[in-house]
Amino acid sequence: MLSSKEKKRLVIDYSSTVNRFTVLDAYPLPNIEDLVNKVAQDKYYSSIDLRQAYHQVPLLPEERHFTTVDAAGRLYQYKRLPFGVTNGVSAFQRTIDAFINTHRLRKVYAYLDDLTVTGATLEEHASNLKLLLDAASSCNMTLNESKSQLRVRTLDMLGYRVSFQKVKPDPQRLQPLLDLPPPRTPKKLKRVSGMFSYYAKWIPRF
């Protein structure tokens, strides 16, 4: 059941329609560890969240009919990228990367709808942030201010806590692992071992 603060979202199953005939797009997502290590080279950060990010990417008019759905006896088409299509993730990442390159944005790192702006000094950071915000405004991009952070020295991003020349696991992500009870069956031991192997390089720091 939805709480009073939760919003309803339209969910469409394209698995038996357009997704069945879509050629997979191999456009890669950024490597998360590479991304956070680049961010950690600077001292000041802002994290910008895009509101309903997919829906900010327009579809070509000749491709809109592929998203057609039947609702209450009427047909509807998306004018913007919908959730649930096979290549939605890769199409969105490509669009954001092109946006950064086209506007020659400096020290702006994108992982899907999370944009991180950095700067070695507060002045450089402010300049880089202004360039991003001006470019976003020129493209009518809508930002989610409630989920954005501006001018911070420590940033939680993509499962990590990042500060100048320091990268650690996000404590909120790590806490469930620390709270796990001792495994008492081979199956649970295997599961816990796999989780600890991922965090093994961080254990000496804690």
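Predicted model: local features only at pLDDT ≥ 70, side-chain atom pairs only at ≥ 80, totals over all residues.

Residues are numbered from 1 along each chain as its sequence is written, and side-chain values use heavy atoms, with hydrogens and water left out.

Sheet. I looked up the strands (DSSP runs of E, at least two residues, numbered from the N terminus) and found an open sheet of four, in the order S4-S5-S1-S6 with antiparallel pairing, where two strands pair if DSSP finds at least two bridges between them. S4 (108–111) and S6 (149–152) are the edge strands, each with a single partner, so one side of each has no neighbour in the sheet. From one strand to the next the twist averages 15 degrees. Two bridges join S1 (residues 44–49) to S6, and tyrosine 45 has valine 152 in S6 as its bridge partner.

Helices. For helices (DSSP runs of H or I, at least four residues), I read angles from 0 to 180 degrees between N-to-C directions, with axes fitted to C-alpha atoms, for helices over the stretch in contact. H1 (residues 32–39) lies across S1, S4 and S5, at about 155 degrees to S4, and H3 (residues 122–138) lies across S1, S4, S5 and S6, at about 145 degrees to S5.

Isoleucine 96 is in contact (heavy atoms within 4.5 Å) with residues including Leu50 and Met141, leaving aside neighbours within four places in sequence.
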